[in-house]
Amino acid sequence: MADRPDSRPPHADAGPSAGDERLHRQLFDANPAPMWAFDGHSLRFLAVNEAVVASYGYDRTELLALTVRDVIPAASADRLAEEIAWGGAAPREALPWEHRTKVGALLPLEVTVSPFEHDGRPAWLAVGTDAVDRRRAGA
């Protein structure tokens, strides 16, 4: 076996395996915190996990036809535009938001977002934490 110029294993240059992809998808889908990914331009949901489906009352197909604008109160639209324009390269600290469920109830959340690239376009991964539970816990 020829010496490698670095200490990486021979398979280090290979992309993620199908098993890795399945594991990442399972970790996303099974995460108890609501998680969603959305397009950085259109704000359309790219993926949602089971916790979002359970919390928001939509089925996955319905959610994937919506944008983030569709689940926030209209009064928050300008704030959303400002936050998306921020466009930082690092995760954004948790910020308070309200999202609207399918039946119109408001969900108070603290949302942390992290940018990534999806099909060559900017996108965001978001994790929502129940703000009421955090306040009760004294966080």
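A residue counts as buried when its relative accessible area is under 20%. Keep that cut-off in mind as you explore this predicted model.

**Stop 1: Tyr56.** Select residues 50-56 to show helix 2, then pick out Tyr56 within that helix. Is Tyr56 buried or exposed? Its relative accessible area is 2%, so Tyr56 is buried. Leaving out residues up to four places away in sequence, Tyr56 touches Trp36, Val71, His99, Arg100, Thr101, Lys102, Leu107 and Leu109.

**Stop 2: Asp39.** Move on to strand 1, where you will find Asp39. With 7% relative accessibility, Asp39 is another residue that counts as buried. Which residues is Asp39 in contact with, once neighbours within four places in sequence are set aside? Select Arg44, Leu46, Arg121, Pro122 and Ala123 to see them.

**Stop 3: the largest pocket.** Finish by selecting His24, Arg25, Phe28, Met35, Ala37, Ala47, Phe116 and Leu125, which line the largest pocket. Helix 1 (18-30) and strand 1 (35-39) are the elements that each give two or more residues to this lining. Helix 1 contributes the most, with three residues. How much space lies in the largest pocket? The answer is about 200 Å³.

Notes:
Residues are numbered from 1 along each chain as its sequence is written. This is a predicted model: local features need pLDDT of at least 70, side-chain atom pairs count only at pLDDT 80 or more; totals for chains, interfaces and linings use all residues. Side-chain values use heavy atoms; hydrogens and water are left out. On a 1 Å grid over the protein atoms alone, a cavity is a set of points where a 1.4 Å probe fits but cannot get out, and a pocket is an open set with protein on both sides within 12 Å along at least five of seven lines; lining residues have an atom within 4 Å of a point. Grid points are joined across faces, edges and corners, and a volume is the space filled by probe spheres set on the points. Helices (H or I, at least four residues) and strands (E, at least two) are DSSP runs, numbered from the N terminus. Buried means under 20% relative accessible area, exposed over 50%, partly exposed in between (1.4 Å probe, protein chains only). Contact means heavy atoms within 4.5 Å.
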